[in-house]
Each structure stands twice: as C-alpha cells, then as structure tokens.
Amino acid sequence: MFLKSLVLRGFKTFADKTVFEFEPNGLTAIVGPNGCGKSNTVDAFRFILGEGSLSEIRVKELSDIIFAGTQTKKPLSMGEVAITFDNSDHALPIDFSEVSIRRRTFRDGASDFLINNNSCRLKDIRDLFLDAGISEDSLSIIGQGKVDSILSSQPEERRQVFEEVAGIKKYKQRKEEAEKKLILAEQNLLRICDLKNEIGENLSVLEEQSKAAEEYLALKESFRSLEIGISKKQVAVLLEKSGLLKEEIERFEKSEDERLKKEKIVGAEKHSLKEKIKTLDLELENARIKLETLREKAETERFAAMMEKENRLRDLKEAERFLAFEIGQLKNTNGTIDAKLLELRKKTERAGVEAMDILPELKEFVALSEKLFSISRSLIKGLHQKEIEDHSKSSRLLDILNAEIVEFTEQKQNNENALRQKEAEMKAAAEKLNAEQPSPPLVNLAIQEEQAKLQEKIVELKKEKEQCADNIEFLESRGETPEEAAAREFHLKNKLLLAKTEGELSQVTERIFAEYNLTVSDLMQIETEIPNVGAAKKETLRLKSRMLELEPVNLIAIEEYKQSTGRFRLINEQYEDLNSARENLKGLIAELDLKAREEFLRKMEIISAHFKQIFTELFPGGEAKIELALSENSNPLEAGIEISTCPGGRKWLPLQALSGGERALTAIAILFAFLKTNPSPFCILDEVDAPLDDANIDRFTKYLKEMAKVTQMMIITHNKHTMKAADTIYGITMEEAGVSKLLSMKMNKLAAETVA
Ligand code: ATP
C-alpha cells in the first residue's frame, strides 16, 4: 500500500484544484517560501485522515478550511481534500486495489465523506486507516509540536508522547472512562444507599399501614357483600310484600270499581226516581191545581146557582109575602068595604037625614084606604075624592052613596076577584116555593167527571210516588255491608302497608345506590345469598366495629407500599448492579492498569532499542538510552522518562545538557524510533529539520533516505540539503497573492534550491 496522490480544491490557500502525486518509495520534499501553503498541505493530510481536533488543523471552525478568498478571488463555498492509495496489497481492508477517500466541508457547516465515491461516515474513514496502521500512534505526521513535546521539560508532556506511541493511551482513556464511571457509580451508590435507607425506613411504616388498609378493605368488602346480601334479601322480601299488597289492592280496586259502577247505576236510578218523583210532584200539583180550579169552578157555579135559587126563593117569598099582604090588605079592604057598605047602606037609609054626617068618617076611611091599599089607592082615592066632591052636593048625595055602594060593591067584587086571584097566585107561589125547596146544589157533571178523573190520577200519582219513594228508600237502605266495610278497612290498611313497604324499599335501594352504585336489577343479579339475615346483621356490626378500630386508615398506603416495595426492590437491584458495576470497574481499572503497564514497558523496551540504534547512526560513536525513573513499588505509568545521551566521545548527558541542534536530532532519533516501533505506510515531516546544522542535516537526510525505503517519506522543508536529498520536490508558490500553486511535480534540484 502506498500513497498515490493528494488532491486539494478550495482547501485553505489551495483555491484551485491541486494534485500532488507521490512515488511509492523515496523522499518527497515540499518546498516554498513562507506562507505559500506548505503546512496547509500537512493540514490537508490531517483533515483527510480524520483529524477531529480543530487546533490540529489550525482552524477555529471547520468551515475555516474553505478558501476564504482574496482581493481578486471570491471565497469558495466548499473545501475538499481527496487522497488515493494504491491498495494492491490490500493493506486497507477493502476490496479495491485503489482506494480514494474524499472529505468535503461546506460553508453552511455540512460535511460529507466518501470512500471510492460512496458516502460514508467519518468513523468509517478513521476505522479504515486504523486497520492499515495509520493512526495517531503511528506518527504518520510528525510536526514541530511533536519534537517540542519530546524535548519538553515537563515530564508529563514527554510521557504523553511516549504513551501515545506505546499505545497505552487507549488503556489510559479507557481507564479514565472507567474511573469516571467508577466515581459515578460510587456517587450513585451513595445516593442509592441513602434512598435505600430512606425507603427502607418508610417501608416498615407503609407495611404496617398497608396491612391495616388491606384488612380494612377486606372488612369493607365483607361488610359490603353482607350489606348487599342483606339488602338483596330485604329488597326481595319487600318486593314480594309490595307485589302481594298491590295484587290485593288491585283486586279490591277492581271490586270497588264494580261496586262503584253499581253504585253509579243505583245513584242514577235514585236520581231518575227522584226526578220522577219531582215530575210526579209536578203532575200532582198540576192535578191538584186543576182539581182546585175545578172545585172552585164547581163551587162558583154551585154558589151562583144557589144564589140564583136563593134569590128566586127570596123573590118568591117576597112575592108570597106581598101577595099575603095584598091578600090581607084586600081582605082588610073588603072588610072595610064591607063595613063601609054597611055604613053606607045605613047612611043611605038615613039618606037625607044624615047624609052630610058621613063625611068625616069617609075622610077617615080614605086615609085608611090610602094607607092600606096602594093598589086600590087610585080607585079609592078617586072614589073618596068624588064622594067628597059629591058630599057638597047634598041632594044627590044619596045617589052618589048608592052609586058608591055599587061601586064599593063592585070594587069589593073586584077585590074579591083580585083576592082570589091573589090567593091563587099565592097558592101558586106557595107551590112554587115548595117546589123551590133547597136541594143539593147541582155540580157540573163534566167537572165532576173531570174531578173524579183527576182524583183518580192523583191517587195513581201518589201511589207511583210512594212506589218511587219506596224504591229510593230501598236503594238507600242498601248501605255498605259489614264485609264490605271490613274489606275497605283491609284495603286502607293494605295501602298504608304498601306505602310503608315502598318507603322501606326505596330507603334500601337508595342507600345501596348511594353507597355501592347498584340499581335494584344490579342487586338482584348479584349472586350473594344470605341464609340468615339476623346473623348477617350481627356480623356487619362486628365488621363495622373492627373497621372503626382500624380507622383512620391510609388506603393509599397499599399502593404506596407496593410501589415502595417495587421501588425498594428496584433500588436494591440498582444497588446490586452498581455494586457489581463498581467491582467490575475496579477490576477493569486494575486490568487496564496492568495491561497498560505491561504494554508500556514492552513498548518502551522496543522504543529504547530502536532509539539506541538510531542515535548511534545519527551520532556516530554515540550512545543513548531511555529510562524510566522507577523507584521501588512505583508505577511505571507514572514514572518520569529520562533520556540520556552520550554523543560520540563525550560523557553521559541528560537531554537538556545537549545543544539545540543535538537536542533536535536526538528528538528526531526518538521520533524515528517511534516510527520504527509503529510503522506507518507514509510519514510527513513538517520542518523538523529546521534547527539542524549542515552536519546534522546530512546525518539526518541520510537516515531519512534509509527510512524512505520502507516508509513513503514526505518532508516540508526550507533546508537545501534536505531538498538535495529528496527524490521528488514539489514547489509551492503564490503567483497570485493568497492562492497556492504547485509549480511542478518534479523539479531539478537546482530549481528546487531556487524556490527555497
Ligand atoms: P512557513 O514556511 O512560514 O511555515 P507555509 O508555507 O507553511 O509557511 P502555511 O502555514 O501553509 O504557510 O500557509 C499559511 C497561509 O495560509 C496564511 O497566509 C494564511 O492566511 C493562509 N490561509 C489559511 N487558511 C486559509 C483559507 N481558508 N483561505 C485562504 N488562505 C488561508
């Protein structure tokens, strides 16, 4: 395996694509004036070999490796380095005879890595080189810094270089890591111990609380189950009871409905009877009124008839009386007339004598006649008037008296006739009167018939009314029977009992729902059966009292105890793990110590041997040795590294006692010893020859050329002797300020000298 080429583009001063080609063997010198970009080439090697430290490639940020631009050239956005190896010997563990590795960085911070144009990770590149022996330990790049470290007066710094070469850095690093882990483990152990103690203390309290809580919950569960069982039984009993009561109530209500229906019918019947009675009353009243009217009418008619008869009778009687009076008067008149006639006749007889004397008696007679006879008044009056008139006529008085006697006789006759007539009339009147004897008053037959009918009707109506009243009485007399009353009472009791039962039921169900969120149907589906409610109730009391004893209970203690136990177990496991990790780490540290020590001592021996040999070549006749300043039981890894030299013909001197050039060459001898101990396919030396004088340069280049036979050697140098020794020289110039340019691949040595 050997390095074939290095290509730079946009890397630091190498703005344009620049290609370095290398021969498999031999020494290549890279030359050029200060600041032309020689060390930038070394940086490019470091960059492509996977250097992670920014200071090693002399930048602050990775993007600083990208060409930053000049006054005439614009900055670039990407910096790229590619390196190609001939891998015919497959030193690089990859199935290609040529391996090209490319690393690019972009200004935005992005990077990419390619192995044979395939993207890969930086780690892949590092691993690839590591497997080929190109690593930090292998000293592929030796800069001035390394020389300075070897020459350092600080034993720590010097030992670090040796440790790197001895390859114990990795042990140290691993040990450091293990130690850090150990410290961490110790700290964690302490923390966990504290935690373990804390949880442990808490755990016993929690255990007690948890047990009490568990017992409490078990009691509560038993209590709940008993309560549910009791409630279930109670509910069942109450439901059955209420069911029976409802049936009973329903039965009663049905019969009550029937009864009410009947009662309604009876009521209706009663009502209609009452209505009928009212109607009958009305009819009766009407009939009575009618009857009364008829009666009044009859009475009126009878009274009128009676009055008429009475009047007639009265009239008859009056007439009779008048007739009797008249008759009496006529009789009287007749008697008077008779007396008169008698007197007249006597007077007549004495006619002439005493004719004149009769006048006062006649006047008396006329007055009497006027008083007694109204009927014959005129007659008598006329007569008397005439007598009175004729009296004066004395002579003819007798005649007149005779005439008067005739007249009186006639008159008497007339009176007699009138009397007879009157008496006949009287008889007729008496007969009539007799015939008019009072008889029962006649009543209108039609009225009578009508009255009779009405009375009949009234009787019927009364009967009917009585019948209705009897019916009503009968209906009303049909009151509640004692059985019915008992049934009603029983029904009321049942209703009260049902209300009470339902009240009790809702009490139980509400309580069960409130306490256990169970509905009645939930409750009934629960399989718990309580054989003896009394005993169960007793048990609930016992449970309750035990629960009260346990209260207050920390229920979350159960979970907390579980969690704490889990946590304690976990912490204990962690404690155990940490403990064993600590032990393992301790073991690992001891093992790493041992390995590092062994490896360090082994490598130090090899380095020491190579150094002795190289020193002798560089300082002919001289001797040198590397020793560890070890005292008894001291740790070689902590021991100082002492470098003693005995340049030809001189005594043993410590490194510090040598001249600058001698010290530098001794350091180079050590670096070469390192390179021999850990061979690398190539090695780049960055101006390590600077402090050497010509004599030392010669010895140095001579040895370098020897080394170049095994390892591709590239040296950046300003030294003409070194240039002369080189097989190939690359000259770098800056024709354009700030932009590196490779002059030619191979220059003749004279040209090289010119460039230098
Ligand atoms: P000497 O002989 O003095 O050691 P040299 O040839 O080794 O010099 P380098 O150290 O390689 O020079 O180059 C340093 C130059 O590179 C500096 O001038 C620096 O400004 C320039 N440089 C570094 N990084 C960049 C960059 N990203 N872009 C442009 N120029 C850069």
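I take two strands to pair if DSSP finds at least two bridges between them. Helices (H or I, at least four residues) and strands (E, at least two) are DSSP runs, numbered from the N terminus.

I note that this is a predicted model, in which local features need pLDDT of at least 70 and side-chain atom pairs count only at pLDDT 80 or more, while totals for chains, interfaces and linings use all residues. Residues are numbered from 1 along each chain as its sequence is written, and side-chain values use heavy atoms, with hydrogens and water left out.

Entry: neighbours of strand 13. I looked up strand 3 (residues 27-31), which runs parallel to strand 13 and is joined to it by 4 bridges. Thr28 has Met714 of strand 13 as its bridge partner. Strand 12 (residues 682-686) also pairs with strand 13 in the parallel sense, over 5 bridges. There, Phe682 is bridged to Gln712.

Entry: burial. In strand 13 (residues 712-716), I find 5 of 5 residues buried (under 20% relative accessible area; exposed is over 50%, partly exposed in between; 1.4 Å probe, protein chains only). Gln712, Met714 and Ile716 point one way, Met713 and Ile715 the other. In a regular strand the side chains alternate between the two faces of the sheet.

Entry: cysteines. My search of the whole structure gives 0 disulfides (pairs of cysteine sulfur atoms within 2.5 Å). Cys120 counts as buried because its relative accessibility is 17%; Cys468 counts as buried at 4%.
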